[in-house]
Each structure stands twice: as structure tokens, then as C-alpha cells.
Amino acid sequence: EEEPSLESLAAAAVRAASRLPMAEGIELSDSLSAWLESGGDDGDIPRPFPQSEWLRIFACATSQRRFNRIESTYSNLRVLLAINFDDFNIGDNGKDEMQVRERALLKARATFAATSLPSIADSSRVWVAASGNKPASEPLYEPQEEISQLVDRARAVSDNERPVIYECSAVFVSENATFVGYGKVSMPLLFANSGHMTVAQQLAHDQLFEKVSVGLGLPFVGNSAFDEFYELQQLKKSGKMRRKTAGAALLKEKLLREATLLDSDILKVSSFLNHMVDVELMEACGEELAERLEETQATKVLTVEATGLLPSMFVAKALGLPIVFARKSRQIGVSDSYQVSYKSHMVSSVTDLYVSTEYLTPGDRVLIIDDFLAGGRTADALIRVCRMANANVVGGGFLIEKRNDAGRAFLSGYQIPLESLALVSIDNGSISVIDDEVDTGGDGETLEGTALFRVMQKQGGVALGGLDGIVEEEEEEEG
């Protein structure tokens with residue numbers, strides 16, 4: 001009779017494992033249960049890029065020895081195996097009839113359900129095959145030193161050609177994908193030893209590694225390319241490899257040419273932002289802010305009327321998101337609203353903001369967008385509105401940041417990423433537009449000596465220069 005294909009066996013194992021309750025699976029590992037009882041991930045597990053250099057974060061349920069081996073293998077895909085639960089005990093729970101694929105899938109699905117991390121697990125077994133009138137031995141699951149005892153007992157009563165079968169299944173489970181790797185080794189009793197179990201395990205994990213790499217679109221980076229890859233990720237994280245940089249450059253040019261000072265520290269930008277609007281400039285700025293903040297995976301953009309609507313519209317358009325804007329007066333026909341008050345450092349009166357409860361809901365992932373980041377009071381008020389709605393603020397984007405007013409420091413307690421396209425400083429009646437996009441390397445190193453130039457040169461790209469570091473001119477915050 002023809003043996004079923006690996007694909008059909010894997011599909012059958014998935015169906016069998018999916019019928020097993022997750023609560024039961026979790027209880028099979030004391031370390032997994034303890035991890036859940038302690039609150040799970042308390043911040044020790046890194047987040048994927050751009051929060052860290054790792055593209056993906058996985059959990060595991062395998063022996064610690066096997067974990068140590070595959071940990072370095074998956075790092076070649078820039079995948080971090082962050083945590084391992086090595087004490088699953090399925091054999092003591094009345095499931096000895098389960099095949100290795102089903103056992104591995106149960107462990108992986110339980111780990112995924114508990115950690116919410118894509119999970120890798122395996123299961124192994126060994127037995128002495130039937131020979132003549134001698135039936136097959138009882139299989140040993142997750143065997144270690146017991147293999148030698150099994151082989152020694154069989155040698156005492158069997159011929160040297162009787163096969164010893166080593167079998168392993170390694171599986172990957174995530175929300176959208178399941179992959180199965182399989183390895184099997186048959187050795188004559190004369191030569192069989194515990195090392196052949198390692199061969200079967202390696203075959204299964206090698207097959208799984210290939211399927212994960214291809215199935216998830218994770219290219220092999222390799223240890224020799226680690227430094228270069230890490231450099232590139234850090235450059236992307238810092239914003240020095242952005243595709244869309246026209247917004248910041250154009251905005252800085254406008255500030256240098258047209259911004260003026262009102263009083264001692266108020267920037268007047270009415271010729272292109274607050275009164276007459278340069279639409280192409282706003283679109284370029286919105287697209288660049290959107291690219292900087294796209295990793296936040298926001299679901300809504302929140303701003304304040306009226307000047308905040310200008311950049312917000314183009315950010316929302318680039319990200320494909322709706323805009324909610326806070327009004328400064330209660331609207332007729334809106335019965336239920338979240339309301340907060342704040343006092344800007346620019347004016348002495350208190351301003352109220354209103355957002356309808358219909359348009360800001362629990363679970364929303366919100367980007368706050370505004371034209372200026374000065375003292376941070378307006379952004380703080382919008383964050384407080386989101387907290388009232390049990391919505392999550394995942395980032396903030398601003399066209400112009402006034403360094404003198406320390407708004408970034410004021411908002412630092414919220415621990416959300418903040419992006420601004422132009423950083424300005426006002427000192428003794430003059431305005432400095434600070435270009436932080438070009439780094440000289442800290443010790444006078446030119447662009448040609450920086451990591452950015454080296455990486456782009458290797459990739460056949462062209463390294464582009466930027467604006468001068470500090471330029472005198474003017475700018476303003478209105479409203």
C-alpha cells in the first residue's frame with residue numbers, strides 16, 4: 001500500500017490538533033502556566049522592527065538543547081526566538097495515541113494562544129520496528145537517555161538488522177499560517193544509538209526553516225551580513241533611509257525664506273500655512289509624516305480644528321485612514337462628547353476641546369497630527385481625550401517643532417513616538433532651522449565616511465546630501 005504524502009499527513013495532523021482545547025494544552029507545561037500567572041510579557045521581549053533590529057519575534061516549545069541550536073539558525077532571517085517552554089508533558093495525559101505531528105501542533109498552538117507570538121514546537125519518538133514474529137516496541141516520546149536502554153533491550157532478543165525508527169515533526173503556528181516539517185531515520189539495530197534522534201530532528205527543523213522562510217517572505221541574511229543588515233535597519237529606524245524626504249526639505253526652505261517673528265518667540269508662517277496655504281507643500285509634508293509613522297499601524301488620525309486639519313488630511317490620505325478632529329465648541333446635534341480643557345502657553349484663556357463619542361471608540365489606534373509642537377499642551381489634551389475613550393495613542397506627527405518650548409520633553413511621559421519635519425530654535429530675535437537629518441559622524445566624519453554612505457554604496461545607490469546644519473531665519477506658532 002502506498003504511503004500517504006507528507007502534505008496529506010500534515011493536513012490530517014492540523015485537523016486533529018485543532019480539535020484539542022487550548023486550555024488543556026497550556027496546562028501541559030508548568031513553565032507556560034507560570035509565565036501566564038506572572039503576567040506574561042512584562043516588556044522583556046523586544047518588539048519587531050523598528051522598535052528593535054528583529055523583523056519577527058517567535059516563541060518556542062522544544063528542548064533547551066534544540067532551542068539553542070535553532071536560535072542562531074533563525075537569526076539568519078532576522079527572527080528572534082525570544083522565549084522557550086521546554087517542559088510540555090503530553091505523554092502523561094492520556095494522549096499516547098497521538099502522532100508526533102499532532103503533539104507538536106498541540107504544543108505550538110498552546111504556546112501561540114498563551115503568548116500571541118508565532119510559535120515553533122517539535123515532537124519526537126523512537127521505536128524498534130516489528131521483525132518476524134516480534135511486534136514493534138512501544139514508542140518512546142521526547143526520548144533522551146532512554147534510547148540507549150531501548151536499543152540495549154532489543155539487541156538482547158533481536159537480530160542486528162532489525163530497524164530502529166527515529167521520527168520528528170517540527171511545526172510553526174501563527175494567526176495566518178501553519179507549516180510542518182518532518183524527519184525520519186531508520187537504522188539497523190547494530191548501529192543504532194541516541195545520536196540518530198538528532199539527525200531526524202535536524203531534518204524536520206531544516207525542512208520547517210525553509211518553509212517558514214519562503215512562506216513568510218523572510219530572506220536569508222546570513223551571519224556574515226549581520227553587521228551590514230543591522231546598520232541598514234538602524235538607518236531606516238533613524239529616518240536616514242526614508243524614501244519621501246521632500247516634505248521636510250521644502251518646509252525648511254519655506255521657513256528660511258518666508259517665516260518671520262512676532263514679538264519675541266511667536267513664529268509667523270501665515271504665507272504658506274496659517275492663512276494662505278501651499279497645497280503642494282502640505283501634501284509633501286503629509287506624505288513624509290505618513291511614511292515616518294506607518295509602522296504604528298494606526299486606525300484613525302486625530303487633530304484639532306482648524307490648522308491641524310491641513311497636515312492631517314494628507315497624512316490620512318497617504319495612510320488610507322479617516323480623520324477625527326476635536327472642535328473648540330460643542331456642536332448642536334452632538335449629544336455625547338468627550339471634553340477636555342487646556343491652557344496654551346501662547347494665550348491666557350482656557351480652551352475646551354470636544355470629540356463625539358461616536359467617532360472615537362475603545363480599541364482605536366490613534367495618530368495625533370498638528371501643525372506645531374511647542375509647549376505640548378494641545379497634544380496632551382488630545383491624548384487625554386483618547387484615554388477617556390479607551391483608545392490607544394500610537395504616535396504623534398508635527399510640521400514644526402519649537403525646541404525652546406520643550407514640548408517633546410513635556411510629552412515624554414506618554415512614551416509614544418513623536419515625529420517633526422522641522423526643528424527650530426529662537427534666540428535673541430533670530431530663528432535657527434536645525435537640520436538633524438545629516439550626521440557628520442560625531443568626529444568630523446563626512447557623509448562619505450558614514451554608515452549610510454557605506455550601505456548605499458554597497459547597494460549601488462546614491463548618497464544624497466542635505467541642508468546645512470544650522471541656518472538663521474524665522475518662524476512662528478499661531479493658535
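**Close-up 1. The buried residues of helix α7 in a predicted model.** Buried in helix α7 are His196, Met197, Ala200, Gln201, Ala204, His205, Leu208, Phe209, Val212 and Ser213. The model is predicted. An α-helix has 3.6 residues a turn, so residues three or four places apart point the same way. The buried residues of α7 pack against several elements. These are β1 (56–61), α4 (64–75), β3, α6 (146–157), β5 (163–173) and β6 (178–188).

**Close-up 2. Helix α7 from end to end.** Helix α7 covers residues 195–215, which is 21 residues. At 1.5 Å a residue, α7 should span 30 Å. Its end C-alpha atoms are 30 Å apart, so the two values agree. Glycine 217 follows α7. The phi of glycine 217 is positive, near 65 degrees.

**Close-up 3. Aromatic rings around tyrosine 74.** A pair of aromatic rings is described by the distance of the centres and the angle of the planes. The model has 5 aromatic pairs. One of them joins phenylalanine 58 and tyrosine 74, with 6.3 Å from centre to centre and 65 degrees between the planes. This pair is edge-to-face. Phenylalanine 58 sits in strand β1 and tyrosine 74 in helix α4, so the pair ties together parts 16 residues apart in sequence. Phenylalanine 58 and tyrosine 74 are both buried.

Tyrosine 74 also pairs with phenylalanine 209. Here the ring centres are 5.1 Å apart and the planes meet at 80 degrees, so this pair too is edge-to-face. Phenylalanine 209 belongs to helix α7 and tyrosine 74 to helix α4, so the pair ties together parts 135 residues apart in sequence. Phenylalanine 209 is buried, as is tyrosine 74. Ring pairs link Phe58, Tyr74, Phe172, Phe179 and Phe209 into a cluster.

**Close-up 4. Alanine 121 and its contacts.** Alanine 121 is part of strand β3, residues 119–128. Its relative accessibility is 0%, so alanine 121 counts as buried. Leaving out residues up to four places away in sequence, alanine 121 touches Ala61, Ala104, Lys107, Ala108, Ser169, Ala170 and Val171. Valine 173 is 52 residues from alanine 121 in sequence. Their C-alpha atoms are 8.6 Å apart in space.

**Close-up 5. Helix α3 against helix α5.** Helix α3 (residues 30–37) packs on helix α5 (residues 100–115) at an angle of about 10 degrees. Their axes are 11 Å apart. The angle makes α3 roughly parallel to α5. From α3, the contact uses Leu32, Trp35 and Leu36. From α5, it uses Ala110, Thr111, Ala114 and Thr115. By class, the contact has 5 nonpolar, 2 polar and no charged residues.

How values were computed: Residues numbered from 1 in each chain as written. Predicted model: local features only at pLDDT ≥ 70, side-chain atom pairs only at ≥ 80, totals over all residues. Heavy atoms only, no water. Helix = DSSP H or I, 4+ residues; strand = E, 2+ residues; numbered from the N terminus. Buried < 20%, exposed > 50% of the residue type's maximum accessible area, 1.4 Å probe, protein only. Contact = heavy atoms within 4.5 Å. Axes fitted to C-alpha atoms, helices over the stretch in contact; angles between N-to-C directions. Parallel < 35°, antiparallel > 145°, perpendicular 65-115°, else oblique. Nonpolar A, V, L, I, M, F, W, Y, C, P; charged D, E, K, R; others polar. Expected span 1.5 Å × (residues − 1). Phe/Tyr/Trp six-rings, centres within 6.5 Å; stacked < 30°, edge-to-face > 60°.
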